Amino acid sequence: MNGKVRKIYPYLYSIKDLTNVFCYLIVGEKRAVLFDTGNGMVDLPAVIKKITDKPVTVILGHAHADHANGAYQFNEVFLHEKDFKLCKLHTSPPFRKGIIKSFEEENFVFPESFDADEFAKAGAGSVKALDTSQKLDLGSLTVEIIEMPAHTAGSIGVLIKEKKVLLDSDSANDHCWMFLEESLTLGEYIKMLKRTYKYDFNTFFIGHSDEAKPKTDMLKYINAAQNATMENSQVYNYVLEQLKPRIYSENGASIVFNERTLVK
Ligand SMILES: [Zn+2]
């Protein structure tokens, strides 16, 4: 169902998009934070209104279309400046039209309120530079921004300090796309994961599943990225074949890379 809400903890909700994309709503005593905005085909403000009437700050984990295209539904959203150019591309009319076409081909059922023409020209919305040094006081909950560049240069995570929970969008996951033109190298990915691991959290949530993951899964991601080579990997012909992606998997962690990003 579009816009399906799951209460994960009393202070944390996931909202599922049309496809397997999840946004998260963190609700403190005074304020809330929406992390990521999905493909933008679900009426997120209406969904949020049913959960809380507190003021909401919207933060994007990175600029890819499946996380940023709902940004136009809000008065302002915050994104790492290093993803601004990517955001412009992914929220542009041709890109949005391409998404609608691919969803139609896969027979996704659009919400009743969905207007394809409006969606195509919705743009990025009011995107502002995210101050990564800030700590947001939501009232009994503090949200800290963690810079997690690798999947894209402007990828971030948000740490809910009191609960030791990290939300990381696509920054680190068990099937990480590190072959895109905007991706940094596997060396940068490994360094970023090691840095992130030092933060005080026990659990994290990614952008394409709302299952709680133990912090130690990040060690599996580090190992997979460290051990991947051209020789032990396979051709990944699922998307963007022109970038010649390859996949390497071990111990439940997959890394998708190419010759350019295989620099450690
Ligand atoms: Zn992404």
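Trainee: Is Asn 202 buried or exposed?
Mentor: This is a predicted model, and in it Asn 202 counts as exposed because 12 other C-beta atoms lie within 10 Å of its own, where a residue with 12 or fewer is classed as exposed.

Trainee: Where is the place of Asn 202?
Mentor: Asn 202 sits in the loop that runs between helix H6 (186–197) and strand E13 (203–205).

Trainee: And which residues does Asn 202 touch?
Mentor: Leaving aside residues up to four places away in sequence, Asn 202 touches Lys 164 and Lys 215. With Lys 164, the separation is 38 residues in sequence, while the C-alpha atoms are 5.6 Å apart in space.

Trainee: Switching to helices, what should helix H4 span?
Mentor: Helix H4 covers residues 93–105, and at 1.5 Å a residue its 13 residues should span 18 Å; the C-alpha atoms at its ends are 18 Å apart, so the two agree. Just after H4, Asn 107 adopts a positive phi of about 60°.

Trainee: Now the whole protein: how many helices and strands are there?
Mentor: The protein has seven helices and 17 strands, and 45% of its 264 residues count as buried. Among contacts between residues at least 6 apart in sequence, 62% join residues at least 24 apart.

Trainee: What radius of gyration does the protein have?
Mentor: The value is 18 Å, which agrees with a compact globule, because one of 264 residues would have a radius of gyration near 18 Å. Along the principal axes, the C-alpha atoms fill a box of roughly 55 × 40 × 30 Å.

Notes: Residues are numbered from 1 along each chain as its sequence is written. This is a predicted model: local features need pLDDT of at least 70, side-chain atom pairs count only at pLDDT 80 or more; totals for chains, interfaces and linings use all residues. Helices (H or I, at least four residues) and strands (E, at least two) are DSSP runs, numbered from the N terminus. The expected span of a helix is 1.5 Å times one less than its number of residues. A residue is buried if 20 or more other C-beta atoms lie within 10 Å of its own, exposed if 12 or fewer, and partly exposed in between; C-beta atoms are placed from the backbone. Two residues are in contact if their C-beta atoms, placed from the backbone, lie within 7 Å. The radius of gyration is taken over C-alpha atoms; the globule rule is 2.2 Å times the number of residues to the power 0.38.
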